[in-house]
Amino acid sequence: MSQVVSLSFFRFGSFGSRLWALGMMGLARRPMGQIPDIEFWKLCGSGTGEGFTPLPNMGVYAILATWPDAETARLRVKSSAIYDRYRAKACENWTVFMSTDVARGAWSGQTPFAVSDGKTGGPLAALTRATIKPSILARFWSRVPNISHTIGKDPNVVFKIGIGEVPWLHQVTFSIWPDAATMANFARTGPHADAIRAVRDEGWFTEELYARFSLLSDEGTWGGTSPLAELDHA
């Protein structure tokens, strides 16, 4: 068996559903932990704009989880009561299933992603997660608008979003690319490359993680269609 990672996004339209989703950041913790076969999991809010910003988006939330295999992942996401509650309240939802190609670092003191041997060499997703030192928050977030603007203009990025467990301090970026070369070109040039150098030189993070995934399948829609449909035309 090979571990599978699921990342589910939920869009909430009405004020009442958004208030419900905000409350579930705390209330959903117990039912999430009771799902059979679930391994590592996180409940996340999101940021506004291209990529991510310090301004929260009260209409979009995410659930990340790891599972022992693909069949279990799809079954639990489809049939677990807590996922059903999120889907019932949301006006749109989308889940992507992935296997891990590369993983470095830790998340909440754990190494959640088990690297698979079955790399596809095709389209991929990238996830970065960091705990930001409070003393450099202003410096960190001053870099973000340039990075977000750059990734927003990049014609190669298929999907991008910023999510996180705690606003401003715990940040996650997630993006999907047609291949490793286009992703690497973005990561190694421009504002993103400058920020990476600053992270290393000045020690911005108390904990960080980087992971790259092969895309396995998806369910639902985002913006009226599957984001992976763009890969068919890339």
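This is a predicted model. Take α3 and α4 to begin with: their axes are 5 Å apart, and the two helices pack at an angle of about 55 degrees. The helices α3 and α4 are therefore oblique to each other. On the α3 side of the contact you have R76, V77, K78 and S79, and these meet A81, Y83, D84 and R87 of α4. Sorted by class, the contact of α3 with α4 has 4 charged, 3 nonpolar and 1 polar residues.

Now the loop. S80 sits between α3, residues 70-79, and α4, residues 81-89. Is S80 buried or exposed? Its relative accessible area is 8%, and the cut-off for buried is under 20%, so S80 counts as buried. A polar atom of the S80 side chain lies 2.6 Å from the backbone oxygen of R76. Leaving out residues up to four places away in sequence, S80 touches I35, L75 and R87.

Last, the strands. Which strands pair with β3? One is β1, residues 4-11, which is antiparallel to β3 over 8 bridges. Within that pairing, S6 has A65 as its bridge partner in β3. Another is β2, residues 41-47, joined to β3 by 6 bridges, again antiparallel. There, C44 is bridged to A62 of β3.

That is what I have; questions are welcome.

Notes. Residues are numbered from 1 along each chain as its sequence is written. This is a predicted model: local features need pLDDT of at least 70, side-chain atom pairs count only at pLDDT 80 or more; totals for chains, interfaces and linings use all residues. Side-chain values use heavy atoms; hydrogens and water are left out. Two strands pair if DSSP finds at least two bridges between them. Helices (H or I, at least four residues) and strands (E, at least two) are DSSP runs, numbered from the N terminus. Buried means under 20% relative accessible area, exposed over 50%, partly exposed in between (1.4 Å probe, protein chains only). A polar contact is a pair of N or O atoms within 3.5 Å; within protein, one must be able to donate a hydrogen and the other to accept it, and residues adjacent in sequence count only if both atoms are side-chain atoms. Contact means heavy atoms within 4.5 Å. Axes are lines fitted to C-alpha atoms, for helices over the stretch in contact, and angles run from 0 to 180 degrees between N-to-C directions. Angles under 35 degrees count as roughly parallel, over 145 as roughly antiparallel, 65 to 115 as roughly perpendicular and the rest as oblique. Ala, Val, Leu, Ile, Met, Phe, Trp, Tyr, Cys and Pro count as nonpolar, Asp, Glu, Lys and Arg as charged, and the others, Gly among them, as polar.
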